[in-house]
Amino acid sequence: MIYLVCFSRNLGRMFLLITVLLFGFASAQKVVQLSYCSLAENNLRMDCKYAVPAESPEPFCKYTQGERLLDTTDPDEEQHAPYKNRAKARIFPGNVCRLLFKNLPKGKSNFTCNIRLGDSAAATKTSVVEKKLLLPCSAWSVLLQSCSGLLLTLMTLPTLL
């Protein structure tokens, strides 16, 4: 009998913990996709697509490279001085935060998109951008980066028929 009481008490605690965790995950924001392309020879455009719960306030978005803040939509954070004229982050309809970055250096660069609702923890996604492999911004480059499976299917369909 005592064993059964302890077991049901522990089971109740586990159920409560799982419910709280699942509710937290269901209500949190997340970064769905990070895509990028070249606007001009040295300019980068990076789009961070995110998902937030319905009826939530507009989130804050920021882009970083390591500890350096490239730009943010949060007025309480200050942009790292060397990037004031080089980087601009903005939120667009459709849950997209876009970074325009001038004078992309040669080689590989890490860019991290951070999406935060109020005081909650930020959802992040990092991508490595290699300048020599950047595609120009166009509908084709966006299709290649965001729908590679669909594109592969459409390109192989005539071969299969």
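Residues are numbered from 1 along each chain as its sequence is written, and side-chain values use heavy atoms, without hydrogens or water. Because the model is predicted, local features need pLDDT of at least 70 and side-chain atom pairs count only at pLDDT 80 or more, while totals for chains, interfaces and linings use all residues.

View 1. Strands are DSSP runs of E of at least two residues, and helices are runs of H or I of at least four, numbered from the N terminus. Two strands pair if DSSP finds at least two bridges between them.

**View 2. Strand S7 (residues 108-116) pairs with S3 (residues 60-65) and with S8.** Five bridges join S3 to S7, and eight join S7 to S8. Asn-114 of S7 is the bridge partner of Lys-62, and Thr-124 in S8 is the bridge partner of Asn-114.

**View 3. S3 and S4 form a hairpin with two residues between the strands.** Four bridges join S3 to S4 (residues 68-72), with Asp-71 in S4 as the bridge partner of Tyr-63. In this hairpin Gly-66 takes a positive phi near 65°.

**View 4. Cys-37 and Cys-137 form a disulfide, with sulfur atoms 1.8 Å apart.** A disulfide is a pair of cysteine sulfur atoms within 2.5 Å. Cys-37 lies in S1 (residues 30-40) and Cys-137 in the loop between S8 and helix H2 (139-146), so the link ties together parts 100 residues apart in sequence. Cys-37 is buried at 3% relative accessible area, whereas Cys-137 is partly exposed at 25% (buried is under 20%, exposed over 50%, partly exposed in between; 1.4 Å probe, protein chains only).

**View 5. A disulfide joins Cys-48 to Cys-113, S to S 2.0 Å.** The link is left-handed, with -90° about the S-S bond. Cys-48 is in S2 (residues 43-51) and Cys-113 in S7, 65 residues apart. Both cysteines are buried.

**View 6. A disulfide joins Cys-61 to Cys-97, S to S 1.8 Å.** This link is left-handed, with -80° about the S-S bond. Cys-61 is buried at 1% relative accessible area and Cys-97 at 0%.
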